[in-house]
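Morning, everyone. I'd like to walk you through one model today. Please have a look at it first.

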Amino acid sequence: MPAEDFEILSGIQQSDEKSFDLLFDIYYEKLCNYSASIIHDFDVAEDIIQDLFAKLWVDRKHIKIKSSFKSYLFRSAYNACLDYLKHLKVRGNYQSLNTNQSSSFNDSLEYVELLEKLETGINQLPEQCRAIFKLSRFENLKYKEIAKKLNISENTVDTQIRRALKKLKEGLTDYLIFLTIVFIQLF
C-alpha cells in the first residue's frame with residue numbers, strides 16, 4: 001500500500017475526519033463518474049457513492065486494504081453498481097410479471113386464493129426458516145450471502161430452503177398448476 005494511502009487509512013481508523021475528508025475530496029467525483037458510466041444515471045451514482053463513503057466511515061476500524069485506496073474504492077463502487085443493477089433487474093422482472101399476466105387471471109378467485117395460501121404458508125414457517133426463505137426468494141440473496149448475514153452455515157441455509165419449499169408444496173397441492181405458473185414467472 002502506498003505510504004500516502006497508509007497515512008489516510010490510519011487517520012480514518014483513528015476517526016480523523018480530516019483524513020476522511022481528504023479521501024472524499026480525492027475520489028468522490030471520480031467515483032461518481034465511474035459509477036454513472038456503469039449505471040447511466042448520475043443521480044443514482046451519487047447516491048451509491050455517498051452510501052459507499054458512509055459505509056466506509058461506519059466500518060472504518062475494520063477496513064483492511066491490501067493494495068491501494070483507489071483500487072479498493074473503485075472495486076467497491078463497481079460491486080455497488082452491480083448490486084444496484086441486479087436489484088433493478090429483479091424489480092423489472094416483478095413488474096413484468098404483473099403486467100404480462102392477463103387481467104382475467106389476476107382477477108380470478110384461484111389466483112387470489114393462491115396468493116393468500118402462499119402468504120399464509122410462508123407466515124406459518126418456523127421463524128428462521130421463514131427468514132431464510134424470504135432472503136432467498138424475495139431479496140434474491142445467494143446461500144453464501146444469507147449464511148454470512150445470519151451467521152449460519154450454507155448447509156443450514158440449504159436445509160431450511162428445502163424444508164420451506166416442502167412445507168409450502170404440501171400446503172398448496174390444490175393449487176399446483178397455478179403455483180407452477182407463478183413460480184416459473186417469478187424465479
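I'll take aromatic pairs, then salt bridges, then a surface patch, then the cysteines.

Two housekeeping points. This is a predicted model, where local features need pLDDT of at least 70 and side-chain atom pairs count only at pLDDT 80 or more, while totals for chains, interfaces and linings use all residues. Residues are numbered from 1 along each chain as its sequence is written, and side-chain values use heavy atoms, with hydrogens and water left out.

Aromatics, then. Rings of Phe, Tyr and Trp (its six-membered ring) pair if their centres lie within 6.5 Å; planes under 30 degrees apart count as stacked, over 60 as edge-to-face, and the rest as tilted. How many aromatic pairs does this rule give? The count is 6. Take phenylalanine 20 with phenylalanine 53: this pair is edge-to-face, at 5.9 Å centre to centre and 85° between the planes. The two sit in distant parts of the chain, 33 residues apart, with phenylalanine 20 in helix α2 (residues 17-39) and phenylalanine 53 in helix α3 (residues 42-58). Helices here are DSSP runs (H or I, at least four residues), numbered from the N terminus.

Buried means under 20% relative accessible area, exposed means over 50%, and partly exposed is in between (1.4 Å probe, protein chains only). The two phenylalanines also belong to one aromatic cluster, made of Phe20, Phe24, Tyr28, Phe53 and Trp57. Over the face of tryptophan 57 lies arginine 60, at 4.1 Å from the ring centre. The rule for that: NZ of Lys or CZ of Arg within 6 Å of the ring centre and within 35 degrees of the ring normal.

On to charges. Side chains of opposite charge can pair when their charged atoms come close. A salt bridge here is a side-chain nitrogen of Lys or Arg within 4 Å of a carboxyl oxygen of Asp or Glu. The structure has 3 salt bridges.

One joins aspartate 59 and lysine 55, at 2.9 Å from N to O. Aspartate 59 is partly exposed at 28%; lysine 55 is exposed at 53%.

Another joins glutamate 139 and lysine 149, with the closest N and O atoms 4.0 Å apart. That pair links distant parts of the chain: glutamate 139 is in the loop between α7 (127-137) and α8 (143-150), and lysine 149 is in helix α8, 10 residues apart. Glutamate 139 is partly exposed at 49%. Lysine 149 is exposed at 53%.

Then there is aspartate 158 with arginine 162, closest N and O atoms 2.9 Å apart. These two lie 4 residues apart in helix α9 (residues 154-171), so about one helical turn separates them. Aspartate 158 is partly exposed at 22%, and arginine 162 is exposed at 56%.

Now the surface. Leu82, Leu85 and Leu88 make a nonpolar patch of about 200 Å². Such patches take residues with over 30% relative accessible area and no salt bridge, joining nonpolar side chains (Val, Leu, Ile, Met, Phe, Trp, Tyr) within 5 Å. Leucine 88 sits in helix α4 (residues 69-100) and is partly exposed at 31%.

Last, cysteines. A disulfide needs two cysteine sulfur atoms within 2.5 Å. The count is 0. Cysteine 32 is in no disulfide, because the nearest cysteine sulfur, that of cysteine 81, is 9.7 Å away. Cysteine 32 is buried at 0% relative accessibility. Cysteine 81 is buried too, at 0%.

How values were computed: Patch = residues over 30% accessible without salt bridge, like charges linked within 9 Å, V, L, I, M, F, W, Y side chains within 5 Å. Areas by Shrake-Rupley, 256 points an atom, 1.4 Å probe, with all protein chains shown as cover.
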